Amino acid sequence: MEGGYVNEGGQLKTKNGQKYVFNGPPSGVYVSKPCLVVTAFIMVVILIFSILITYFVTSHGLGKPEANPSYITAQAQSKEHPEGNSTSVATAQFHVPDWLKDNFHTSTSSPNRIKDEENVVVPPVVKEEEKTIVPPVGDIPVVKSEGVNDDGDDITKPTDRLLQLHEGWRPIHYSIVIEPNVETSTNNGSLVIEIERDAKITSWEPIVLDVYNVSISNVRVIRSLEGNETDEVELDFDSDYGENNDSFVVKLNPSLASETQLKIALSLDFVSQVTDTLQGVYKTSYINPDTKKTEWMISTQFSPIDARRAFPCFDRPDMKANFTISIVRNSNMSMALSNMPKYHSDTHRLGYIRDEFMTTPKMPTYLVAFIVSNMVDSQYANSDGQLFPRVEIWTRPNFVDMTNYAYKMVRKFLPYYEEYFGIKNKLPKIDLVSVPDFGFGAMENWGLITFRDSALLVPEDQELASSSEHMQYVAQIIAHELAHFWFGNCVTPKSWDDLWLKEGFACYMSYKALNQAHPEFQIMDTFTVLEFKESMQHDADNTSHAISFDVRSTSDVRRIFDPISYSKGTILLRMLNSIVGDEAFRSATQDLLKTFAYANIDRNDLWVFLTRHGHEMGTLPKELNVKNIMDSWITQPGYPVVNVERRGANLVLRQERYLLPARNPLDKQRWFIPITFETDDLHKGDNIPTHWLTKDQEELVIPDVFTKETNNNNTVLYLNLNRQGYYRVNYDSVSWLALKKNFTLLPRITRAQLLDDALHLSQAEYLPYDIPLTFLLELYTSVDDELLWSAAKPGLNYLIYNLKREPAYETFRAFMKFIVRPAFDHYGLNEPDNESHLQLKHRALVANFACKFNYDRCTQVAQMRFREWMRDAKKNPIKPNLKSVIYCTALSEGSYPEWYFAYKQYKRTTSASEKEEILTSLGCTSKPWLLSKYLNMTINSTSGILKQDGALAFRAVATNAIGYEIAFDFLQTNIKEIADYYGDGFSTLTEMIKSLTIYMNKDYHKQQLQLLAANCHKLGLKAVESAINLAMEQVNDNIYWRTHSYDKLKSFLESIVSEFQINIF
């Protein structure tokens, strides 16, 4: 039986543990006992003799290993280690650029510079205990690193490590030669870093480089030369790995401490890993459609803190430097790319090519990138050769015809950014690369932007055509990454504490750019639903964090890449724009970028510029400054609810923190809130605040808002115009009633805002559920209001997840079917060719609701369309915007034939967006064995499911009411294997755990999570344990809601169903 083994007792044991007993006749050769004893004695004698001979030969043939003293002089090195590296910098194996050599002659030297050749320090050589392997690449010896097995795999358990910020030295320039090797999973490289003392640090500190599983050898420290001097002066030093081997420490002689302007060149050789976890330098593969063979490629992902996996460096955002990169590649790889244009290629040795790239602008290590592969370009640079910068898109040969949409977007967005920021892009080229397996959506490496396929490629073939939503997503991702060229790359936050600055600006500017390129998308209206949903649902309970907080560990760094940094950062910048006005915001941004070009900023720098321009424009009152306003939003988590009360003719406002599972009167967090409002009689005309509810005020009284003539129950009042402020509004009962009566007359964004606020205020017990249910009934007549339908989705999803396994779901589903029916009967499962972008998105959303609530006209047609496709797999009749709902519905209502057909189409299609649609739908099946099979495929590298899509596939099962318990069992059973398979780079396990909790609303669910956390603690999976503890808060919120709100909601639903005589079947 294949894959089994025979154990003691003659049993055959298979991989699954099944046992079989052999009962056949005896076989073999009979051996007598005396013969066996004699044979054993002879073997022992031979073994002892072999050991003695081996010892004699080795003891006379090898020298005794030398101890490594703290400081080794050149004299001692030359006597005891004549093989030591005494090569001059100019002729060493590492490459030193001409301009760096020139700098050796222009640096100021100390009058106490050591000139005695006997006292010049030569770097320590590789110790003899370290076995030097014949170099498979370059001329650099490969030292086998601890923590790396023979296959090059990382066998070191991922750990959460404190971030050590070492001061005293700053890099000026890196010269890197690196040769990644797919076969050995290693990078061999050499490195020269020009380093200078930090004038702001007066103490004498060691040079500390960040490393992660990197072996270092042949270290040298050379003083930069003065004037016309050409003789190198090597400095005395001691070097060793730091604590936990996560740093490499070089200690110079303390006699140099008086030289405050000391500048040195640190050179070394290194060996690092080519990983398979999509971090650092990593390898990935794809099937060549012509040869049907696997083709490997090398890609990089250094953000946020993984440049240290590739080469020793100062791996911090504020340690910016220039980089000159050389890549040695096997000649069977046709291309290499890096941040800057290639200026020279030559044969390095037989079968290998060395590509030299121009020096980058000053930038942090996380932006360094390179690609080595057989991908091809789309030839846009040749056709638009007169345009600056040169833009090219690289992908696999069969995807070239999917790049046109992305190229057009780049050419639209670049001029907009140059004009808005008032700064021209200076990079001569921009390469965009679709990487087969990529952890993030995209990465803004300066000059070399990397994407996952679905974030860059848009098929133009009718059968593979992307949905309107996917095309908008691709456009916005490209706009986001290009915006980073100004905010993030040119001007960089000083630390990860202010990640939100660069990500918030890139997100906000992507909306502005897309709105300018495609105003028909009405993307700024979508902003008020999409970004608020992403941020507010993560910012609503005690697990949230301040948008800027003290980042102390590696897990903190990875954790802040979340909707708080992205969506909340975006919302707060938009709020700032409304506070100071468009003109002041733009002028302040331009001044900031020009002042800090190629340098670092923190949020206080932005506050200064915005305050100055707000005062100059007269939009910000002189008594206010942006820092006082924004500190309350930046330094504490959460967001407020503004409570509205009519008190005679006056409007009275109070604030409290919105908090799940319920309001907490003891929470004293307060914010500096910009107030805008309109009434029947007062229409403001802009978004600039007229009043401020400050942190210190118990209440804000705005006098004479109502007159005796108008202050009646029908007077309309609404706050937070165009949802410019980051808060929810809870009105008194009179105001809610007036808003409901005049709902159709309200502005479009206000209608959506009211529905979203009402649903979430009820979730946290600020409102009874009759108010949001009444507003939901507006969908019945608002068939074409796509923004209102979008606003309903987050709140409805929460109710679906918490009711789906409860008796009240039957009534809730009947209520929602009643609401959705008119819209679906109007649109159906059809997609006309002449509809707008917004109409197509809205049509898909209505269909999604109809099928989700089992409206038979939707589910039956969906199954029919899918079976039509099954009859002719080569011709897909399903329209792009309806694929998601039809695929999921067909697999949910169908059985294994539909599932296996979908999986086959997943492996066949070349469209990345189509693959994602199918991956999601595979989790919709109602068959438990298929869901279990699907989950196991996510940790099988031969299944065709990429690591980048593991969390997506898991979430598809976990959000299935039938599948979430299967998903939990899978996670609990395979937690160690999943952690090893995915690594810790992209919080894949954290995302899996988050998606598990949506159905968990009972006490035993909490106990299950506690057991899983205990298991993770035992296995040393600290980051996963922390994620589970955070997820526990969501479960507590769900338990509270079920205990306190379920029965009330059930009662309201039954009353409405009865009143409107809704058929629950």
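**Close-up 1. Packing of helix α20 on helix α22 in a predicted model.** Helix α20 spans residues 856–871 and helix α22 residues 896–908. Their axes lie 11 Å apart, at an angle of about 60 degrees. α20 is therefore oblique to α22 (under 35 degrees counts as roughly parallel, over 145 as roughly antiparallel, 65 to 115 as roughly perpendicular, the rest as oblique). Axes are lines fitted to C-alpha atoms, for helices over the stretch in contact; angles run from 0 to 180 degrees between N-to-C directions. The crossing is left-handed: the near helix is turned anticlockwise from the far one by less than a right angle.

**Close-up 2. Residues in the contact of α20 with α22.** From α20 come Phe866, Arg867, Trp869 and Met870. They meet Pro897, Glu898, Phe901, Ala902 and Gln905 of α22 (contact: heavy atoms within 4.5 Å). Six of the contact residues are nonpolar, one is polar and two are charged.

**Close-up 3. An open sheet of four strands.** The strand order is β32-β28-β27-β34, and the pairing is mixed (two strands pair if DSSP finds at least two bridges between them). Neighbouring strands are turned by 25 degrees against each other on average, direction ignored.

**Close-up 4. Strand β28 beside β32.** β28 covers residues 650–657 and runs antiparallel to β32. Three bridges join the two strands. Valine 652 has valine 701 in β32 as its bridge partner.

**Notes.** Helices (H or I, at least four residues) and strands (E, at least two) are DSSP runs, numbered from the N terminus. Residues are numbered from 1 along each chain as its sequence is written. In this predicted model local features need pLDDT of at least 70, side-chain atom pairs count only at pLDDT 80 or more, and totals for chains, interfaces and linings use all residues, while side-chain values use heavy atoms, without hydrogens and water.

Terms used: Nonpolar A, V, L, I, M, F, W, Y, C, P; charged D, E, K, R; others polar.
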